[in-house]
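Trainee: I am new to this structure and would be grateful for a close look at a single part of it. Please take the pairing of aromatic rings as the topic, and then place it in its surroundings.

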Amino acid sequence: MVKSWRKFVGACTLLMAVPMIFAGCGANKQQAAGAVQVKTMAAIQQNTPLSFEYAGTVKGTNEVSVQSRVSGSVVAKYIHGGEQVTAGQALYKVDDGNYINSLNQAKANLAQAQATLSNAQQDLSRYAQLVNNNAISEQTYTNQQQTVASYQAAVEADEALVDTAKKNYNDTIVRAPISGRLDVNDVATGTYATGGSTTLVTLGAVDPVYVQFSLSENEYLKFNQVFNGQFIGTAVNIVLSDGSKYPIAGKVAQVDRSMTDNTGTLTVKAVFDNPNTLLLPGMFARVELTGETVPNAILVPQRAVQQVLDKSFVMVVGADNKTISRAVKLGEKIGSYQIIESGIKAGDKVIVEGLTKVRDGVLVNPTMTTAKELGLTMQNSADIKDASSAGASQKQ
């Protein structure tokens with residue numbers, strides 16, 4: 001009887017405990033269900049060089065329109081568009097028939113003038129003896145001297161005409177004024193070329209080349225300060241349109257003497273060696289300039305920063321897994337990251353995904369993620385600053 005009573009009491013106790021166990025499990029599930037799923041990443045602290053990017057265009061260091069100095073039909077063509085040529089290389093031949101005739105005529109006139117001068121000089125020599133013997137008057141001798149001087153001037157004029165005719169004849173061969181690459185818009189044989197007017201082909205040097213970009217006034221002053229007034233010679237790198245980095249560094253070579261009136265920007269040219277002629281005039285390039293290094297900079301992904309009016313905030317996860325909204329002061333952008341000057345510290349877990357679902361003090365279920373998973377980079381591969389556009393913003 002006692003054993004039966006004990007079994008009965010034990011069974012009742014177990015039945016009473018079961019609801020309490022399930023009630024506890026339900027509370028835990030309800031609490032977990034209330035936590036918002038977010039992804040977080042730890043704030044980074046490291047020395048960070050400031051890098052700035054600008055839209056640039058490749059320019060030839062010396063581009064010229066090749067024109068004939070003389071007029072005539074193109075009778076021969078020694079090149080093909082797109083070829084690399086050297087200074088002095090023959091490109092075209094202009095019909096030289098008229099110029100040969102002009103040269104021969106100039107030579108004939110010169111020969112006649114030289115013969116006339118020679119006769120006059122012989123007479124002058126004879127007159128010198130006669131005047132010494134008082135056989136002729138001084139006036140006759142003086143007149144002969146003037147005649148010789150006149151014929152001498154005529155010879156010199158004819159020599160100049162011969163030189164001009166020779167130059168015109170030689171100019172019927174059109175030569176490359178510089179070494180470089182020809183464009184493909186070259187004229188065909190049979191084209192009539194007007195001297196000093198008709199462009200036969202355009203030629204540009206492609207090694208080295210310039211990459212031209214623009215800076216705002218504030219940026220120019222900042223870089224000038226960073227480099228102690230030695231902005232010329234500053235190292236420059238470029239990234240091509242396919243995302244590849246050009247392997248040879250360039251340097252700032254030219255800075256315009258004034259700001260442009262319509263955009264308020266300053267034109268800058270950086271020179272790059274181009275031994276394999278990979279860079280072609282007209283190509284797009286992202287110009288990278290590295291400025292000062294910020295020591296121990298705090299970095300967070302740009303996606304973690306929220307803007308409300310003129311205030312900036314970063315949502316961090318506290319030790320109790322509740323969100324804390326931190327007002328922050330922003331520095332420069334570096335690739336996918338934002339420098340935080342104040343408001344958070346290194347190691348703080350900042351929310352990078354799920355921000356639209358949380359507010360200050362919300363319980364969250366954080367999952368740590370990495371820069372690789374998020375596709376973050378320190379390179380300014382996006383958001384290029386095109387300072388050449390009108391009204392370009394100025395960094396403060």
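Mentor: Let us begin with F213, which is buried, its relative accessible area being 2%; buried means under 20%, exposed over 50% and partly exposed in between, with a 1.4 Å probe and protein chains only. The model is a predicted one, in which local features need pLDDT of at least 70 and side-chain atom pairs count only at pLDDT 80 or more, while totals for chains, interfaces and linings use all residues. Residues are numbered from 1 along each chain as its sequence is written, and side-chain values use heavy atoms, with hydrogens and water left out.

Because Y54 lies in strand β2 (residues 44-60) and F213 in strand β11 (residues 209-216), the pair ties together parts 159 residues apart in sequence. Strands (E, at least two residues) and helices (H or I, at least four) are DSSP runs, numbered from the N terminus. Y54 also counts as buried, at 0% relative accessibility.

Y246 and F272 form an edge-to-face pair, with 6.2 Å from centre to centre and 75 degrees between the planes. This pair, too, links distant parts of the chain: Y246 sits in the loop between β12 (235-240) and β13 (250-255), F272 in strand β14 (residues 265-272), and 26 residues separate them. Both Y246 and F272 are buried.

Of its 396 residues, 34% count as buried. Among contacts (heavy atoms within 4.5 Å) with a separation of 6 or more, 76% come from residues 24 or more positions apart.

Some strands form an open sheet of 4, in the order β7-β6-β4-β9 and with antiparallel pairing; two strands pair if DSSP finds at least two bridges between them. The edge strands, β7 (173-175) and β9 (192-193), each pair on one side only. Within the sheet, strand β4 (residues 72-77) and strand β6 (residues 90-94) pair over 3 bridges, and A76 stands opposite K93 in β6.

Note on methods:
Rings of Phe, Tyr and Trp (its six-membered ring) pair if their centres lie within 6.5 Å; planes under 30 degrees apart count as stacked, over 60 as edge-to-face and the rest as tilted.
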